[in-house]
Amino acid sequence: MKLIYLLLLGLSIVAAQAQQPAEPQEAKPAETQTQEAQAPTQEAQTQTAAEAPAAGQDQATAAELTKFGGGVIDFGFRVISDVGGDFNTYRSVVNLGEGPRLFNLDWNLRDPSGRLWDNFTLRGNAWGGDPYNTARVAVRKSGWYDFSFDYGNIAYFNFLPSFANPRLQQGDFLSQRAFDIARRTSNTELHFLPGRIISPYIAYTRNSGFGTGITTFVSSGNEYPVANRLRDETDNLRAGANLQVGWFFASFEQGATHFRDNQQVFTSNLNPGNRTTPLFGQQLFLQGVQQNYGIRADSNYTRGYISGAPAAWLNFQGGILYNRPETDVNFQQANAGRFVVLPLLMFYDGQLDNATGMGRLPRTTGHFGFEVRPVSRVRVLQSYMTDRMHNTSSLLLAERLLTGGTTAAQNTLNVLDRLETNYNQHEINGLFDLTRRITLRAGHRYVWGDSRLRAPTLADLPAGQLESGEMRRNVGLAGLNVRFTQRFNVNASAEVSNGKRTYFRTGLMDYQRIRVIGRYQLFNSLSLNGNIAYLNNENPDPNSDYRFRDRQNTLGLFWTPGGGRRLTLLAEYTRSTVRSEITYIAPQFLQRELSFYRENAHMGTALLTLSVPGRASFQPRVTLGGSFFTSAGSRPSSFYQPLARFGIPFGRRVEWNSEWRWFSLSQAFYVYEGFRNHQFTTGFRLTM
Amino acid sequence: MNLLARPPRQTTLRSAGVTIARRARTLPGSPGFLTAVAAVFFLVLTALGARQEGQQQPAQPETPAQEKQQEQQAAPAAPVQKTYVGSDTCMPCHEEIHTAFAKNPHQVVEAGKQRKKWANQACESCHGPGSVHAETVDAADILQPAKLKPAAANQICLSCHLNQKTNTGRMQGGHGRNEVACTSCHSVHGAQQGWVDRRPLAVNKQCASCHQSIWAQFLKPHTHPLQQNAMSCTGCHNPHGSVLPAMTRTVHANEPNCIRCHGDKRGPFVFEHAPMRLDGCGTCHEVHGSANPRMLTRQEQRFVCMECHSNIGVRNNTVGGIPPSFHDLRSPRYQNCTICHIKIHGSHINRDFLR
């Protein structure tokens, strides 16, 4: 990582020295200005992102280009205070560290000859030790090739004491399900002759995860937190070609995916586990364990896709995919200590397991749809989709239980398993332009499917019989699109269903979903935005008695008096409520109890930006604001992120940005998980 | 740009979903129940008659702009025949757009590298023939996609961009159903980042401008790192549409995009956990953000599991099993199910997901 970081810095410096004097900056197109004025709230939110020097990033999206190119570099230094409260929770939620950073690099290289490429883009984000790093290289020459490489590295640290820790009440804050891993993804694509009649392409995607963690080794009557080493990799290679002939388009792709999982679980320390009392006079413990997973999976798939517009009133599209992933399993386990087979009340002090298995999941997916525009006022969209996957699998497990170094019991287990799922969906929507400013939509969606799977261990089904489930859902669809003026538009959609069957007790059954999105530009300097989202889902079956309701209402405003030269105000507020009730069976008494979940949340973002009068090339800016989340209910939480930021431009090429930010999390029921942290970031933004 | 100005007359734009204000007066002014019934009835009739009407159409134009030109030529009242004049004619008045357009990917149209017949006529490929507008300098004499209905504007874009794989599932997607205009996200003329800015920061801004309540969920403590610009909305959703619900992007073999990063959850597992296949990750996780650890839907893990695993007696075709009777949920050891059922997303070794 550091090598790449240095390489990027070096490249930028060399390019900066090589470039010619910049030409005057072009005026921003009116279209872009309008778009910015109409999209206020997101700016406020994204500016609360965790990196300070990116403050002006969205204001100067790309630098003026010299003959050889140009770009923007944000770099600086972050200092964080000592974390008050729980450091592990801080790392699980924020995880930003201190040190020098390359916050952002956005570079465009020009080919003076114009022969090699039309556009060469190099981008990087958050390099130098932050938990999230991304990079992108895109090179394109119109009509010849289009190349892109995307890279992402996301550190995943999760060590929350409250999560899956049965010893919490004894004051043991060791999370028994913890991760400290990194997930890396990269995607490389190369398209040849884009836009031509035949355009072949090849692509490679890699995803890997590696690191350490804590998991549990589970044995009858006790479970033991142990170390976990994780390593998995997925490689996908695919190639295909696009064919474009007149109004007809077809695409064919052949791909192959290979997956490896070499996870290990181990410990060599004496571990008493979570059981604190002897079992039938015997104290269970773990002396050592070694588990080795050797999982290999391969998948070859073939995909075809067609689309076309044979007439001005008709579009169609469809696709089919066949995929047959296969998994092969090789697993070994050796553990020593004191264990028990509870059903037999047999105690033993060693175990050797060896397992091989396989899974086969042939899967066929197809979809087809068309859009008809019989007259200018009417459009009809119809689509059908089916997805069928049938997994058959088996496992052969050889198990030896040892006592005093000799085999006390030996067992070979052959298990077969199965999961069949068929999913289908048909949808039709008719859109009618009532007037030039009002469009109505009405439609119907029918979703149906069936599934058969292994019954649970204690299911009330005859041995060997598969459990089956069905899904039947009729959904009425409606929509309204109103464009009163260019300043005021509203888009509303609704779904109403009287579900007949659902797979799970908490699945969508009788539900109503409403979404409304509106925007009103009251004045040239003031625009308002609003969202209404509502979902009500009920399963009246006495066995479930499920009631779920989710409401989210948002109001935002963007105020830029005088064109925003001196002051801009971005504000947004969201009120969210979740209410869920369902009965469940408490397993200790097999009695019905109520699972009751509430979340009444307030969320908001506000940013006030003030510009000090002066020349445009030396006009300091101060930004105050931040965001907050606070909720009451089943897990009351407060998460605050206030910030203060200032930027001072030194001419048109250099800007000094600094930011102070405070992170604070508190949870009333889990006070030990709270944290507080100050962060100060300063850096420069160079535009070349 | 004066946004208060009245939009220009649209009475000459009669095709590809362009509404004629004059005809609108023949329908009831306020939508009511009868109007809705009539509209649905009209929908059915017109859908059935689509093929017949299509057969009566003359040779199809390549773009909606051409189509409008044909109609204008066919209109007996058209006093002047509009012709194409080339982009150079547009440039003196629209210099800013012309300059920006030179750096836009659509420049390939102007250069004739693609769609050769539109070489040097890129402006008119979308705005229609501009001879009359060039003479009168009247905005009413040129087609302005930005002021059309979204459906009509989209047809202009889709006349070239329909046949792209990224549009797979457009008809199933919410944006397609709700007629979100292409220009809501794409800059047709813009120079700075092409026709769309693909940097995560810009993408997230764009999406959040409409989906504010979704974006607000990322203010919760346990979220995917979108606020840090490590991910973007389009990393998981395809704004052009998808065959999966919520326009979830697919990867590899039409698999949900979650496994693009969480590859270890892909399977196939020897012992599958059915919700993973039947209802997806959203069954247990609030993927946009949650106040609960691991983005779970409930404050404690046992509730996530027990709400499904409580089938007893009448199953009513639901799956999910019954609770094991020896688990005493009053003990902290049994309140967090994944303490023992480690491989809850699917196991290769144990049917109870213990290893």
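By salt bridge I mean a side-chain nitrogen of Lys or Arg within 4 Å of a carboxyl oxygen of Asp or Glu. The interface of chain A and chain B has nine of these by that rule. Over all chains, the structure holds 52.

Ground rules, quickly. This is a predicted model, where local features need pLDDT of at least 70, side-chain atom pairs count only at pLDDT 80 or more, and totals for chains, interfaces and linings use all residues. Residues are numbered from 1 along each chain as its sequence is written, chains are lettered from A in the order in which they are written, and side-chain values use heavy atoms, with hydrogens and water left out.

Confidence next. pLDDT is the predictor's confidence in each residue, from 0 to 100. Chain A averages 87, and 89% of its residues score at least 70. Residues 1–64 of chain A fall below 50, yet that stretch has 163 contacts in the model beyond near neighbours in sequence. Contact means heavy atoms within 4.5 Å.

Back to the interface. The buried area is about 16800 Å², with 55% from carbon and sulfur atoms. That area is the accessible area (1.4 Å probe) that two parts lose on being put together, summed over both.

Now pairs inside chain A. A:Arg238 and A:Glu189 form a salt bridge at 3.5 Å, N to O. A:Arg238 sits in strand S9 (residues 222–245) and A:Glu189 in strand S7 (residues 178–192), so the pair ties together parts 49 residues apart in sequence. Strands here are DSSP runs of E, at least two residues, numbered from the N terminus; helices are H or I, at least four. Buried or partly exposed? A:Arg238 is buried, at 12% relative accessibility. A:Glu189 is partly exposed, at 23%. The cut-offs: buried is under 20% relative accessible area, exposed over 50%, partly exposed in between (1.4 Å probe, protein chains only).

A second pair: A:Arg598 and A:Glu581, with the closest N and O atoms 2.9 Å apart. Strand S26 (residues 591–611) holds A:Arg598 and strand S25 (residues 567–586) holds A:Glu581, so this pair ties together parts 17 residues apart in sequence. Both A:Arg598 and A:Glu581 are buried.

Last, chain B. Chain B has 17 helices and four strands. Of its 355 residues, 54% are buried.
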